[in-house]
Amino acid sequence: MTGYGRPVASMRYRPPPIGARVLAAAQSAFAKRGFREAHVLAHWPEIVGGGLAEFSSPEKLVFPRGSGDTGGKGQRSGATLTVRVDGPIAVEIRHLEPQIVERINSYYGYSAVARLKLVQGPLPAKPRPRYRKIRALSTGERAALAQDLEKIEEPALKQALEKLGERIIGARGQD
């Protein structure tokens with residue numbers, strides 16, 4: 001028994017978290033595309049910035065033949081990162097290539113990427129955010145809200161709270 005009143009054996013044979021299993025399953029798919037570690041894929045917006053990440057996406061990382069391990073940790077260098085770009089942002093990315101390569105390499109901690117290869121084409125569609133539908137308030141609900149807000153003297157604050165109240169009351173019972 002542990003100090004928590006649970007037997008040790010039940011904790012020992014507990015299955016691992018689902019995130020660990022998903023990463024292990026996806027690792028082979030990432031490795032086929034050259035992303036042995038999926039850090040660049042997961043953190044692309046932080047590496048290049050939100051503005052460029054909106055119109056670009058890393059596709060694959062190709063190391064030159066014969067670029068074996070140099071440091072025992074599997075740190076190969078001189079790779080070409082293929083980036084899919086949408087529209088005229090390719091000119092800006094080409095202009096910023098040295099800074100982007102430097103940021104990627106500083107993210108990895110060694111000189112993994114030597115250059116970028118840009119491929120123009122449409123990016124995969126991003127899922128649209130789901131918005132709640134807010135119903136219109138009844139006259140009784142609107143009167144109760146106005147009565148609750150009549151003590152507030154500042155007009156901007158009163159208007160903001162009224163709008164917030166309408167959204168909260170209008171969203172009730174919608175889920």
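Is K158 buried, partly exposed or exposed? Keep that question in mind while we walk through the structure; point 7 returns to it.

1. **What you are looking at.** This is a predicted model, in which local features need pLDDT of at least 70 and side-chain atom pairs count only at pLDDT 80 or more, while totals for chains, interfaces and linings use all residues. Residues are numbered from 1 along each chain as its sequence is written, and side-chain values use heavy atoms, with hydrogens and water left out.

2. **The overall layout.** The chain has nine helices and three strands. Helices (H or I, at least four residues) and strands (E, at least two) are DSSP runs, numbered from the N terminus. Of the 175 residues in the chain, 24% are buried. Here buried means under 20% relative accessible area, exposed means over 50%, and partly exposed lies in between (1.4 Å probe, protein chains only). A contact means heavy atoms within 4.5 Å. Among contacts between residues at least 6 apart in sequence, 63% join residues at least 24 apart.

3. **The nonpolar core.** A nonpolar core is a set of buried Ala, Val, Leu, Ile, Met, Phe, Trp, Tyr and Cys residues joined through side-chain atoms within 4.5 Å. The largest one has 22 residues, and W44, L81, I104 and L116 touch the most other members. Two or more residues each come from α4 (44-48), α5 (50-53), β2 (79-85), α6 (89-95), α7 (97-108) and β3 (113-120). As background, nonpolar side chains tend to be buried together in soluble globular proteins.

4. N105 counts as buried because its relative accessibility is 12%. Beyond its neighbours within four places in sequence, N105 is in contact with Y110, S111, A112 and V113. E97 has 14% relative accessibility, so E97 counts as buried too. Not counting residues up to four places away in sequence, E97 touches R115 and L116.

5. **Salt bridges.** How many salt bridges does a search of the whole structure find? There are four, where a salt bridge is a side-chain nitrogen of Lys or Arg within 4 Å of a carboxyl oxygen of Asp or Glu. In one of them, R84 meets E59 at 2.5 Å, N to O. That pair links distant parts of the chain, with R84 in strand β2 and E59 in strand β1 (residues 56-62), 25 residues apart. R84 is partly exposed at 22% relative accessibility, and E59 is partly exposed at 24%. Another bridge joins E97 to R94, with their closest N and O atoms 2.5 Å apart. R94 is partly exposed, with a relative accessible area of 40%.

6. Start with the length of α9 (residues 155-171). The expected span of a helix is 1.5 Å times one less than its number of residues. For the 17 residues of α9 that gives 24 Å, and the end C-alpha atoms are 24 Å apart, so the two agree. G165, I169, G170 and A171 are buried in α9, and what covers the buried residues of α9 includes α8 (139-149). The two helices pack at an angle of about 145°, with axes 10 Å apart; axes are lines fitted to C-alpha atoms, for helices over the stretch in contact, and angles run from 0 to 180 degrees between N-to-C directions. From α8, the contact uses E141, R142, L145 and L149, and from α9 it uses K158, L161, E162, G165, E166 and I169. A salt bridge also joins E166 and R142, their closest N and O atoms being 2.8 Å apart. This pair connects α9 with α8 across 24 residues of sequence.

7. **Back to K158.** K158 sits in helix α9. Its relative accessible area is 29%, so K158 is partly exposed. Leaving aside neighbours within four places in sequence, K158 is in contact with L149, E150 and I152. The C-alpha atoms of K158 and A146 are separated by 9.5 Å, and the two residues are twelve apart along the chain.
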